[in-house]
Amino acid sequence: MKNLFKKKKQPGYIGKYKDNFLQPTEFLARNGKTVYISEDFHKKISSIVFLLGDGKITISDYLYNVLKQHFQDFGEDIKVLHIEKQKTIL
């Protein structure tokens, strides 16, 4: 697994989380697509955005940042899986 999933206790890790995920983006939600998430996730994300985002970010900003990091971390794995899916059986 990637280091992202290990519990971090090093100095500066909290700052890195804020730098990666709790930043405003230029993304406008009205230019995107509607997605549905569980009520539980919505409550958690809303709390993160409200309490930790200091009123500077939206749920859309947070999700954009989380997905951006996910694709950076796992982009190569996704490409490999995609190529494997396209192989013909015969």
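Reader: Is N65 buried or exposed?
Author: N65 counts as buried, because its relative accessibility is 7% and the cut-off for buried is under 20%. Note that this is a predicted model.

Reader: Where is N65 found?
Author: N65 is found in helix α3, which covers residues 59–85.

Reader: And what does N65 touch?
Author: Leaving out residues up to four places away in sequence, N65 touches N20, F21, Q23 and T25. Helix α1 is residues 13–21.

Reader: Back up a bit. How many helices and strands does the protein have?
Author: There are 3 helices and 0 strands. Read from the N terminus, the order is α-α-α.

Reader: How much of the protein is buried?
Author: Buried residues account for 14% of the 90 residues.

Reader: What radius of gyration does the protein have, against a compact globule?
Author: The protein has 16 Å, whereas a compact globule of 90 residues would be near 12 Å. Along the principal axes, the C-alpha atoms fill a box of roughly 55 × 35 × 25 Å.

Reader: What about the surface, how much belongs to carbon and sulfur?
Author: Carbon and sulfur atoms hold 60% of an accessible surface of about 8100 Å².

Reader: Contacts next. What share join residues at least 24 apart?
Author: The share is 69%, counted among contacts between residues at least 6 apart in sequence.

Reader: Give me one pair. How far apart are L28 and D61?
Author: In sequence they are 33 residues apart, and in space 8.5 Å, C-alpha to C-alpha.

Reader: Where is L28 found?
Author: L28 sits in the loop between α1 and α2.

Reader: Charges now. How many positive and negative side chains?
Author: The protein has 16 positive and 10 negative side chains. The centres of the two sets lie 3 Å apart.

Reader: How many salt bridges?
Author: The structure holds 3 salt bridges.

Reader: Start with K43. Which side chain does K43 meet?
Author: K43 meets E39 in a salt bridge, at 3.5 Å from N to O.

Reader: Why would K43 and E39 be about one helical turn apart?
Author: Because they are 4 residues apart in helix α2, which is residues 39–52.

Reader: How do D40 and K44 count for accessibility?
Author: D40 counts as partly exposed at 42% relative accessibility. K44 counts as partly exposed at 47%.

Reader: What does K79 form a salt bridge with?
Author: K79 pairs with E76, and the closest N and O atoms are 3.4 Å apart.

Reader: How many residues apart are K79 and E76?
Author: They are 3 residues apart, about one turn, and both lie in helix α3. E76 is exposed, because its relative accessible area is 55% and the cut-off for exposed is over 50%.

Note on methods:
Residues numbered from 1 in each chain as written. Predicted model: local features only at pLDDT ≥ 70, side-chain atom pairs only at ≥ 80, totals over all residues. Heavy atoms only, no water. Helix = DSSP H or I, 4+ residues; strand = E, 2+ residues; numbered from the N terminus. Rg over C-alpha atoms; globule rule 2.2 N^0.38 Å. Buried < 20%, exposed > 50% of the residue type's maximum accessible area, 1.4 Å probe, protein only. Contact = heavy atoms within 4.5 Å. Areas by Shrake-Rupley, 256 points an atom, 1.4 Å probe, with all protein chains shown as cover. Lys, Arg positive; Asp, Glu negative; His and termini not counted. Charge placed at Lys NZ, Arg CZ, Asp CG, Glu CD. Salt bridge = Lys/Arg side-chain N within 4 Å of Asp/Glu carboxyl O.
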